[in-house]
Amino acid sequence: MNRGDLVQAVSEKTELPAAQVDFVLTHVLEAITEGLNGGDPVNIRRFGKFEPRHRNPVVRKNPRT
């Protein structure tokens, strides 16, 4: 399921216009992103927990070069 499918599914279930659902979804995702950029975990009950993870960089080589 991609973003468009999600907007369409929520629009059908809530009987709201797709543009309005897309507006709300955009702002929810922006709020989650801002929380993660601040280093705080975001916990949405019965949905999931999002938390920033820091990984060490990996040096890889292209086998063709």
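Here are a few notes on the pocket, a surface patch and a salt bridge in this predicted model.

1. Ground rules. Local features need pLDDT of at least 70 and side-chain atom pairs pLDDT 80 or more, while totals for chains, interfaces and linings use all residues. Residues are numbered from 1 along each chain as its sequence is written, and side-chain values use heavy atoms, with hydrogens and water left out.

2. Of its 14 lining residues, L6, V10, L25, V28 and L29 are the closest to the centre. (A pocket is an open set of points on a 1 Å grid where a 1.4 Å probe fits, with protein on both sides within 12 Å along at least five of seven lines; lining residues have an atom within 4 Å of a point.)

3. Who lines it. Helix 1 (3-14) and helix 2 (18-37) each give two or more residues to the lining, and helix 2 has the largest share, with seven. Helices here are DSSP runs (H or I, at least four residues). The lining splits into twelve nonpolar residues, two polar and no charged.

4. The patch. M1, L6 and V10 make a nonpolar surface patch of about 300 Å². Patch residues have over 30% relative accessible area and no salt bridge, with nonpolar side chains joined within 5 Å.

5. The salt bridge. There's one by this rule (a Lys or Arg side-chain nitrogen within 4 Å of an Asp or Glu carboxyl oxygen). D22 pairs with R3 at 3.2 Å, N to O. D22 sits in helix 2 and R3 in helix 1, so the pair ties together parts 19 residues apart in sequence.

Technical notes
Ala, Val, Leu, Ile, Met, Phe, Trp, Tyr, Cys and Pro count as nonpolar, Asp, Glu, Lys and Arg as charged, and the others, Gly among them, as polar. Patches are made of residues with over 30% relative accessible area and no salt bridge: like charges are joined within 9 Å, nonpolar side chains (Val, Leu, Ile, Met, Phe, Trp, Tyr) within 5 Å. Accessible areas come from the Shrake-Rupley method with a 1.4 Å probe; for residues, only the protein chains shown count as cover.
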